[in-house]
Amino acid sequence: MKKTDFSKYVKERYENQVSWYDGRSILYKRLNYAFQIPTIFIAAIIPIFAVLEQKWITVILSATTAILIGTLNFGKFEEQWHNYRSTCEALRKELYFYNARIDEYREAAEPEELFVQRVESIIS
């Protein structure tokens, strides 16, 4: 693989994918927090309203908690966040290994081709 082709691959494909996985990781982390924190807070105050015999407030808060938990389970925000973050970090690690010529890159006859193969394997 020519150096110019490799540079183009890194610029157009690799960096684009790292950015995409990083952005998705941040999005799903925020979604996870946006649903987890209110769920914890609401679940904690439900017993207070139950003791005060505020039936409608207790019912509404309980239903809201069920909706939040259901959305968390359905959306799998935390799982997605971890998957995207792991993929992003694996991609970043690959470039460090390539640049330092460590691991499989040390002995590779065509390190650029190996890099492309490994990156595409991670992405897929």
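**Exercise 1. Find how helices H1 and H2 are arranged relative to each other.**

Step 1. Locate the helices. H1 covers residues 3–51 and H2 covers residues 55–75. Helices here are DSSP runs (H or I, at least four residues), numbered from the N terminus.

Step 2. Take the axes. They come within 9 Å and cross at roughly 155 degrees. Axes are lines fitted to C-alpha atoms over the stretch in contact, and angles run from 0 to 180 degrees between N-to-C directions.

Step 3. Classify. Over 145 degrees counts as roughly antiparallel, and H1 is therefore roughly antiparallel to H2.

Step 4. List the contact (heavy atoms within 4.5 Å). H1 gives residues including Phe-35, Ile-42, Ile-46 and Phe-49, and H2 gives residues including Ile-57, Leu-61, Leu-68 and Leu-72. By class, this contact has 13 nonpolar, eight polar and no charged residues. Ala, Val, Leu, Ile, Met, Phe, Trp, Tyr, Cys and Pro count as nonpolar, Asp, Glu, Lys and Arg as charged, and the others, Gly among them, as polar.

The model is predicted: local features need pLDDT of at least 70, side-chain atom pairs count only at pLDDT 80 or more, and totals for chains, interfaces and linings use all residues. Residues are numbered from 1 along each chain as its sequence is written, and side-chain values use heavy atoms, with hydrogens and water left out.

**Exercise 2. Work out how H3 packs with H4.**

Step 1. H3 is residues 77–100, and H4 is residues 111–123. They pack at about 175 degrees, with axes 10 Å apart.

Step 2. H3 and H4 are therefore roughly antiparallel to each other.

Step 3. Among the contact residues are Leu-91, Leu-95 and Tyr-98 of H3, and Phe-115, Val-119 and Ile-122 of H4. By class, the contact has nine nonpolar, one polar and three charged residues.

**Exercise 3. Check the span of H3.**

Step 1. The expected span is 1.5 Å times one less than the number of residues.

Step 2. The 24 residues of H3 should span 34 Å; the end C-alpha atoms are 35 Å apart, which agrees.

Key: Helix = DSSP H or I, 4+ residues; strand = E, 2+ residues; numbered from the N terminus. Parallel < 35°, antiparallel > 145°, perpendicular 65-115°, else oblique.
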